[in-house]
Amino acid sequence: MDLAPAKRRKLDHSQDGAEMVLQSAASTGLSKSRAFVLESDELLDSVRLDYGTALDGADDLLHRIKGAIESIKPHDALPIGQATYKLEKKHKIKVPFPDPQPQENSNYKVAFAKPSQFNVVGSYVSKTMIKAQKDHGVDMVIVIPEEILQEKDYLDLRYFYKRAYYLSVVASSLQKELGSEAQLSYEYLNGNPLCPVLAIQPNGSKAKESTTSDNKGALDFRIRILPCAPDGFFPKAKLHLGATLVRKNRDGDSNKLEPTTFYNSTLVAETCFLPYLKVLRQAEKKCAAFKNACILGRIWLQQRGFGGEISQGGFGHFEWAVLLALLLQGGETKALSASLSATQLFKALIQYLSVTNFAEKPCVFGPGRPDLESYLGSTPILYDSARQLNIAFKMGPWSAALLHQHAKWTRSLLANNAVDQFNPTFIFKSDVPSHSFDLIARLKIDEVPEDTSTDSRGLAWQISNKAYQTLQRALVDKEMGERARLIHIQTPACRRSWAITEGPEPRAKSSLQIGILFDPINMARTVDRGPSAGPSAEERAACEDFRRFWGDKAELRRFERDTIRETLIWTSTTPFDLCEEIIRYILGRHLRIGQLHDEITVYGDGLPSLLSLKPADSALFNVAKKAFGAFERDIRDLDDLPLRVRQIAPICPELRQASVKTPTFGSSKSGPRPLECVISFEASGKWPESLVAIQRTKVAFLLMIGNLLENSKPGELKTHVGLEDAKFETENLACLDVVYESGASFRLRIHSDLEESLLERQVKDKTAEQYLRQRATTLLATFRRLYTHLPLHNQYISTCATRFPALSPTIRLVKHWFNAHKLSYHFTEEFIELVVLHVFLSPYPWDAPTSVNTGFMRTLSFLSHWDWRSEPLILDTSGEMAAAERSSIATRLEAWRKIDPNMNHTVLFVATAQEPSGVAWTAADGQAKPSKVVAARMTSLAKSASRLVREQGVELDHRRLFVPSLKEYDVLIHLNSKVLKSTLKTYANIDPEEEEEIARPKFKNLDERTGQEPLPLAQHPAELFLEHLNTAYGGPLVFFRGGVEDNTIGAIWNPQMQRRNFRINLPTSYRPVAGKKRSKDDEDEDDNGGDLVDVNKGAILSEIARIGADLVEKIEVKGA
C-alpha cells in the first residue's frame, strides 16, 4: 500500500463543463495506469457468469411461463370490485393494489386479454450479471394490450389498478401451471409501491441440490414478471414533471393540486421498457466495450451501496447503462467515442458524474432543452428528451449528492497515478455508515400523523425530503459558512416480498438514518453570522427570512465596524456536540421531531469518550511545546558551552500531539514523564576519532550542560545524568534529565556527526571481523533512527496534525486500541502513527477523515486488509516521490522476502520519503518488531473488529472494540500497583498513596514538599521488568503488554519449543520426561535417539516470580 497527497482541482459544475470533461477523457487515448487496466480485465474475467451453468434451466422456465400466460382465457370488462372478488374467491389470490386501494363500489372496470408482446429484458439479456450481486433475477416484460386500457387511465392510479389485476390473473395461471415446482410471491419493482411484480423462485435449484463439479457454478435465480403499458399509449405531454395526475389523496378528499412528479415519471417508465431495450442493444452493437464498462459500473455502484431500489439511492446498473448509452449516441451531447476501452468508458462516466449533480442542475439528453429548473425541489433530474423520462426519478436529492461525492472521490483517485487505484475503486466496501459519516442520527417517525398526501413513496420519504431541505439550509448554507460537506438520508426499505395469497403488510412505523460529513473547521464554529440588519428592503427581507427559519435562536449582535447582524449563538464546544445541538433544534422547530429525547438518537461520539478526548487537549499539548521552547532558550542562553548549539529537536510523542495521555506537569503521584529531545552542535574537529572516546566525551558534555543550567537557574531546576542500558562501550552511554520546579522535565541526548561517519567506516571495513561489522550495522541503524529519522518524523507529524484536525485524536485512539489488546510492546509508536497517517494521506475511496470516529474505523479497516507479507506501506511525506523511488522500495521488500523468507528480521515494511529503507520503525537490534506471529495477531484483531463494526452498524457499543481476550494467554503475570506507584514517586518522603488522601496546603511554606529535591527520573518498573523477561525467556515465551497503566503481562508458550530429544545447547530450560523418542530430524545426528525432554515451564515461571519479587503480585497459569 502506498500513498501520496492528491492535488485539489477546481471543477466546473455546469453542463458545458461536464461535456468538456468527457471530451478530454475521450481524447486521452490509452489509460495512464496500465496496472489498473490489467487488474480491471482480470476482475471482469473473475466476476463474469457462465450463464449455461449458473442459470441452468432459466430459458426452459421462461418458455413454460410464456406458454402458460398465452393460454389464459380472456374475459370482458367487469367492475373492479366484482372482478377482484371472483379472482380471490376462485384462486385464493390477493390483488396487490397500490395505496389507496380502489373502493368496492368503484366504477373502474378491468379485463384480461393475451399480452400483446413478450420480452426478456435486463442484465440476463445483456449478459452483464456478476457472481457477487445480491440476487440474480431474470426479468420478463409482458405488454398489456391496448384494448383493455383507456387513454384516461393515467389519472388517479387507474392504470396501476388495472396493472395489479392483470398481474394477479397471470399469477393465478402460473400457480396452477407450476404447482410445487416453484414459489410465487409479489414484490415491488425497485421498491416502487406503484409497481408490484410477480417473482417466481424455482424449487430445488441446482445450487442447493447438486454438489458435483459439473454444477459447481450453479446459482439461485428467480424470474420476475413485469406488466407494462404499450409504448406511446399515454400522451406524454400530459405526463410532464409538473402535472397533477392524482386528484384525490388517501382519504378520498380532493387534493390541493400538488404536482405528482414521482407518479408521472413512474407512468412514463412503464412505457419505456422496450424502447430502452433497443437503446442498450444499439449501444452494445456500436461499442464493443459497452458491456464490460457496465459490469465495472455495477461493481463500483455495489461497493458503495447504490442500487436500483429507492432505498438504495435509485441509481443502479440500469441507470448506469442507460446514461452510458446516451453518451455514446452522439448528437448535441456527443462526447464519447465507441472505440474507447471498458476502463476508459468507466473513467469517462465517473468524470461526468463528478462534475454533474442531478439535484443542483437538470441534466438533459437529446433534442430540445426543456425548462426543468423549477422541478429540482421535488426530484433530481436526468432527463431523456427522446423518451421524455426523468431517469433519476427514483433518486432523492441526498442520494444524488452522495453519488456525485463518490464520483469526485473516485476521480481524484484515478487522477493520482502514485497510489493503488484498483482496490479502492472496485474491491473495498465503502457503504459502512461509520466509515463515511462523522455523525449518524436516527429519527423515529412513529408519532407523526398519518400520511394524507399523494406521494406514493410514503410518509417516510416525505419526512426525509423535508428533513433534508431543512438540514441543507442549516448546515450547508454557503453564506454562513458550510458546516457540513455532505448530508445523506437512508430511507427504510419496503418489504422484500410477500405471498400471493396475502396482501402487502401495511407500512410499518420506521426510522430514518441521517449521516453527516463534517467540514472540520466550520463545524467547530460556535457563532453564526447571518444577514446584516440594515435599513434597505432587501436587508429587512433577508433578516425576516432568517428569523422565520431560526426562530427564537436568532438574535441581533454588534460586530466590528459597528455592523449589526442576525446571529446564532451555540452552547456546545465540540464539532459533534454542535452538530447534534443544531439538528435537534432545527428538526424540532420545523418537523416537530425531537420534542422527546428518544425521538432523535445520535451515534458517533462513543469513541472520543473512551479516552476523554476534548478540544482543550490541543491547549495542553501547546503547553508542552511552550515548555520545550523555554527549555531550548535556557540551553541556547548558556555562554560557557565550548560549541555553539545548532539544533535542539524533540523526538517524543508528547511534542507531536501523538501521546495517548496529554502531558501533565507537577504530579508527585507517578513522577513526571520526561520529554525526550536531541541536541546537535556546530561542526568541530575537536571530537575524538574513537567511538568509545566520543561516548565518554558526551558524558562530560552532559555533566557540563547540567551544571551550567543549575547555575544559570538556581532553585528553578534540577539535573541528573542517567546511564543508558548499553551493552557495548561504542553505543550511547548517558542522557541528561532536566526537571523544572514547575514540573516539566526533559531528557537530552547529544548528537555527534563524527559518530555516524565512524560507524559507516566500520560497516564498510571488510578487514574487520564479521560480528563487529554486524554490531556496527545495528548501532548505525539505531543512531540514524534516534538522531536523524525521529526529529524529521516528529516535525512531519506535527505539521500533519495542524493540517488534519482529526489526526492527533485518531492516533491517540489507535494507540489506545493497541494498548487495550496488549500489542503496544511489540510495535513502535512511530509505526502506529504512520499507519494512521496513511489513512489521512491516502483516504481512498473516501476523502481524508474529518472526525475521530471515521479516522479510527478506517484505520482498523486498513489494518484488516493490508497484506504486509507482499505489500510495503509507502508514505510520500515529501509530496514529490517519483515512481522510480516507489518501484525501488517495492523491489527492496521483494529482496528482503527472498533473503529472509521466514521473516525473522523484517516483517512489516514501512517506508517514507525521508526513510526509504522501510525498517527504521519495524526493527530493533536487528530483529523484527513486531514478529510475524504478533503481526498476524494484529491483522486478526483488526479483521474481527471490522467485522463487528459491519455487523452491528451504528448500534455498536464501541467499548467492545477495546475489550481484550485474556483467555488466549497461557500465562498472566499480575503486577502490584502499589509497588509500581512507590517506585515512580517524585519525592523520597512522600507516599503517592497517602498523597491522594491529603489535600495540598494553601500556603507553600506549609507544604511538606517544600525544600525537598525531586528524585531522579526512574524508568517505569513494568517496562524494565518486561525487558529483562524478554531477554531471558524470549525464546520459550512471547510476552504481551499494553500501555503504562497496564498491570497485567500476558504470555504464550512458543509452540516451536516443545517436547524434543535431548541435545547440547538447548535454547532454554528443559526437564526430562518419561519415554524415548526417535524423530526423523534426529536420525541423521544420533542413530540411538536421546532422552525425551520438555520445556521446564514450572521452573521458568518460578524464576520469573523470583526476578519480579514484590513487583509480581501473582502468576496465573491457564488450566491450573
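Before anything else, I wrote down the cut-off for burial: a residue is buried when its relative accessible area is under 20%. I also noted that I am working with a predicted model.

**Entry: the ring count.** I looked up the aromatic pairs and found 41 of them in the structure. I then picked out Phe-160 and Tyr-263, an edge-to-face pair with 5.4 Å centre to centre and 65° between the planes. I traced where the two sit: Phe-160 belongs to helix α7 (residues 158-178) and Tyr-263 to helix α9 (residues 261-270). They are 103 residues apart, and the pair links distant parts of the chain.

**Entry: is this pair buried or exposed?** Phe-160 has 1% relative accessibility, so I put it down as buried. Tyr-263 is at 2%, so it counts as buried too.

**Entry: another pair.** Tyr-740 comes out at 12% relative accessibility, which is under 20%, so I call it buried. Phe-746 is at 0%, so it is buried as well.

**Entry: a cluster.** I listed the members of one aromatic cluster: Phe-36, Trp-300, Trp-320, Phe-346, Phe-422 and Phe-426.

**Entry: which rings have a charged end over them?** I found the charged end of Lys-127 over the ring of Tyr-124, 5.0 Å from the ring centre. I also found Arg-473 with its charged end over the ring of Phe-549, 4.3 Å from that centre.

How values were computed. Residues numbered from 1 in each chain as written. Predicted model: local features only at pLDDT ≥ 70, side-chain atom pairs only at ≥ 80, totals over all residues. Heavy atoms only, no water. Phe/Tyr/Trp six-rings, centres within 6.5 Å; stacked < 30°, edge-to-face > 60°. Helix = DSSP H or I, 4+ residues; strand = E, 2+ residues; numbered from the N terminus. Buried < 20%, exposed > 50% of the residue type's maximum accessible area, 1.4 Å probe, protein only. Lys NZ or Arg CZ within 6 Å of the ring centre and 35° of its normal.
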